[in-house]
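We will go from stop to stop, selecting a few residues each time.

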Amino acid sequence: MEIAQSLQQIKSSYIREILAAASDKNVISLAGGLPDEKTFPLELMKPTLERLADTPEVFQYGSTSGYGPLLSFLGDYFKLPGTHTIMITTGSQQGLDLIARAYVNPGDKVLMEVPSYLGAMQVFGLVQANILTVSQTDFGPNLEELEQCFAEQKPKMFYAVPDFHNPTGVCWALETRQKVAELCIQYDVALIEDAPYRELRFSGEALPMVSDFCPQNAIVLRSFSKIASPGLRIGVVTGKVSYLEPLIKIKQGADLHSSVPMQALLHGLLEHDNFETHITIIRELYKSRYDVMFSELEKQLPTGCVLRPVDGGMFVWVEIPECDTFELAKQLLVNGVAVVPSPVFYPEGAEVKTALRLNFTNATSEELKVAVTRLAHVLHIL
Ligand SMILES: Cc1ncc(COP(=O)(O)O)c(C=O)c1O
């Protein structure tokens, strides 16, 4: 049977291939975006897991927008305005998929920063969006380019990851957040703010979300994958009621609702007295790993490589001298370290910077040191 045209243009995921190779026990993987499973708050989940065995109603079909007690907990937690509503999704990835299917016709313009999150490019590619790009500075998107694009191209939405961007780790400055919100209002562009790494800040001061400055123009995606566990598959979408209603319709057709027992488990976890402590612990752990990796990179990388420090998240982006990054990634695998080469983070036709994305949350500090030594060795003989 012939596959749909929309799928024919999607390239097979290089990340999937590299992650498969990276599972070899001799390879240290800096390739995925995985939290460390030893940090999963299983002890904090135990009381809820036990309680769940006595609550058969939680194992019944549930409502599409989500499990009531979790929705009301999160509604208070996020301090949503009265005009807004909330929906639980099967990971924030599903939220993105629902937005793409609800709002994007083939050829509709969707703007994103480059480089960009691969999963977003896939989702918008599948609905045949016309993906426009804006370059990224150390403070967020290039504002001149952004305004010019808004004014001349009139995109329908701007997809953005303002907190600890995947793949670059960039965190937008306060002024950038305010200006982007202002431009979204002025040019009537919907902001899709994707914030899975927001809680993983380990340095500097927390900043308001971009959507705080344009709540009526934004849909926000949040995730519990990075601070609780990705296997729960729980994300949250919030926005004004008229923005979310179409998403609920599409979710009904997609999977009826996200797993209710998993939502109840997350609810118990969020209510646990020690959940905040758990987040503090993972922030400290990831900071210590980041510090080790960053200082080893500074010491060992050959000249010509450009490193950008980060204040949180899971990734460091290393610009390297011009080369075939796919070939380099293969060489690195042979030398026992997995990384992701930069071209996978750019849509077709965009100008690609030669770089590697390195994850620092899944390997131990000792492994990170070894991995950087292997990386530097291969880069020195390039
Ligand atoms: C920017 C970004 N958005 C969304 C996701 C998907 O997260 P979830 O596990 O909640 O589906 C990821 C996962 O790595 C991501 O990096």
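## Stop 1

Select K46 and E43: both sit in helix α3 (residues 42-52), three residues apart, about one turn of the helix. Helices here are DSSP runs of H or I with at least four residues, strands are runs of E with at least two, and both are numbered from the N terminus. Before going on, note that this is a predicted model: local features need pLDDT of at least 70, side-chain atom pairs count only at pLDDT 80 or more, and totals for chains, interfaces and linings use all residues. Residues are numbered from 1 along each chain as its sequence is written, and side-chain values use heavy atoms, leaving out hydrogens and water.

What do K46 and E43 form? They form a salt bridge, and the closest N and O atoms are 2.8 Å apart. A salt bridge is a side-chain nitrogen of Lys or Arg within 4 Å of a carboxyl oxygen of Asp or Glu. Side chains of opposite charge can pair when their charged atoms come close.

Now show the surface. K46 is partly exposed, at 43% relative accessible area. E43 is exposed, at 55%. The cut-offs: buried is under 20% relative accessible area, exposed is over 50%, and partly exposed is in between (1.4 Å probe, protein chains only).

## Stop 2

The structure holds 12 salt bridges. Select D108 and K156 for one of them; their closest N and O atoms are 3.1 Å apart. D108 lies in the loop between α5 (91-103) and β3 (109-114), and K156 in the loop between α7 (143-153) and β6 (157-160), so the pair ties together parts that are 48 residues apart in sequence. D108 is buried at 18%, and K156 is partly exposed at 36%.

Next, select K251 and D255. Both belong to helix α9 (residues 241-255), four residues apart. Is K251 buried or exposed? K251 is buried, with a relative accessible area of 0%. D255 is partly exposed at 27%.

Then pick D163, R177 and R198. Salt bridges that share partners join them into one network.

## Stop 3: two sheets

Switch to cartoon view. Strands of a sheet pair through backbone hydrogen bonds, either parallel or antiparallel. Two strands count as paired if DSSP finds at least two bridges between them.

Follow the open sheet of eight strands in the order β2-β9-β8-β7-β6-β3-β4-β5; its pairing is mixed. Its edge strands are β2 (84-90) and β5 (140-141), and each pairs on one side only. Select β4 (residues 130-137): two bridges join β4 to β5, and the two run antiparallel. Which residue in β5 is the bridge partner of Q136? It is P141.

Now find the open sheet of four strands, β10-β11-β14-β13, with antiparallel pairing. Its edges are β10 (306-307) and β13 (340-341). Two bridges join β10 to β11 (residues 315-319). In β11, E319 is the bridge partner of V306.

## Stop 4: two packed helices

Select α12 (residues 325-334) and α13 (residues 365-380). They pack at an angle of about 130°, with their axes 10 Å apart. Axes are lines fitted to C-alpha atoms, for helices over the stretch in contact, and angles run from 0 to 180 degrees between N-to-C directions. The two helices are therefore oblique to each other. Angles under 35 degrees count as roughly parallel, over 145 as roughly antiparallel, 65 to 115 as roughly perpendicular, and the rest as oblique.
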